[in-house]
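The sequence and the model come first.

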Amino acid sequence: EAVIMPKKPASKKPVARKTSKSASKSSKDGKRRKKPNTSSYSTYIYKVLKQVHPDTGISRKAMIVMDSFVHDIFERLASEAGRLARYNSRHTITSREIQTSVRLILPGELAKHAVSEGTKAVTKYNSSS
């Protein structure tokens, strides 16, 4: 025969309930959610565009294409500079590695212009500090 156990008295603690899904997503322990870390060159692309062609605009899709292009070139130059540093048993990527990687990756006249602009930028930076 089954033994019937007496019921325990209900606890007086309030039960925490979620009010809505959006409230639980937006705040975790009362903190705001951090925005995803997405780097973009769009502001700099826009500033250069306005320097070169002040009366010309750019669409959102065109800006996405340009941003993707700059990311790609940066990645190529950085990996080539890292490779050059490794070949020469160095731990630091200097302006010399960047300049060499520019000469290797960019074609002809574009490389010459990029090297001269880079040299100008480094000279200006060194004179200011």
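Glu117 has a relative accessibility of 47% and therefore counts as partly exposed; the scale used here calls a residue buried under 20% relative accessible area, exposed over 50%, and partly exposed in between, with a 1.4 Å probe and protein chains only. The model is a predicted one, in which local features need pLDDT of at least 70 and side-chain atom pairs count only at pLDDT 80 or more, whereas totals for chains, interfaces and linings use all residues. Residues are numbered from 1 along each chain as its sequence is written, and side-chain values use heavy atoms, with hydrogens and water left out.

**Overall make-up**

The protein chain contains 5 helices and 2 strands, where helices (H or I, at least four residues) and strands (E, at least two) are DSSP runs numbered from the N terminus. Along the sequence these elements follow the pattern α-β-β-α-α-α-α. Of the 129 residues in the protein chain, 12% are buried. The protein chain exposes about 12300 Å², and carbon and sulfur atoms supply 57% of that area; accessible areas come from the Shrake-Rupley method with a 1.4 Å probe, and for residues only the protein chains shown count as cover. Counting contacts (heavy atoms within 4.5 Å) between residues at least 6 apart in sequence, 31% join residues at least 24 apart.

**Salt bridges**

Side chains of opposite charge can pair when their charged atoms come close. The structure holds 3 salt bridges, a salt bridge being a side-chain nitrogen of Lys or Arg within 4 Å of a carboxyl oxygen of Asp or Glu. The table gives the distance for each pair and its place in the fold.

| Pair | Closest N and O atoms | Helix and spacing |
|---|---|---|
| Asp72 and Arg76 | 2.9 Å | H3 (residues 60–87), 4 residues apart |
| Glu80 and Arg83 | 2.6 Å | H3, 3 residues apart |
| Lys120 and Glu117 | 3.6 Å | H5 (residues 108–128), 3 residues apart |

In the pair Asp72 and Arg76, the two residues are about one turn of helix H3 apart. Asp72 is partly exposed at a relative accessible area of 33%, and Arg76 is partly exposed at 45%.

Glu80 and Arg83 are likewise separated by about one turn of H3. Here Glu80 is buried, with a relative accessible area of 16%, while Arg83 is partly exposed at 31%. Apart from neighbours within four places in sequence, Glu80 is in contact with Ser101, Leu104 and Ile105.

Lys120 and Glu117 are about one helical turn apart because they stand 3 residues from each other in helix H5. Lys120 counts as exposed, at 53% relative accessibility.

**The largest pocket**

Among the 25 residues that line the largest pocket, the closest to its centre are Ile73, Leu77, Leu106, Ala114 and Glu117. A pocket is defined on a 1 Å grid over the protein atoms alone, as an open set of points where a 1.4 Å probe fits, with protein on both sides within 12 Å along at least five of seven lines; lining residues have an atom within 4 Å of a point.

Which helices contribute at least two residues each to the lining? They are H2 (42–52), H3, H4 (95–105) and H5. H5 gives the largest share, 8 residues. By type, the lining divides into 19 nonpolar, 5 polar and 1 charged, where Ala, Val, Leu, Ile, Met, Phe, Trp, Tyr, Cys and Pro count as nonpolar, Asp, Glu, Lys and Arg as charged, and the others, Gly among them, as polar.

**Two further residues**

Leu49 lies in helix H2 and is buried at 19% relative accessibility. Leaving aside neighbours within four places in sequence, Leu49 is in contact with Pro54, Thr56, Gly57 and Ile58.

Ser89 is located in the loop between H3 and H4. Although Ser89 is not a glycine, its phi is positive, at about 55 degrees. Ser89 is exposed, with a relative accessible area of 61%.
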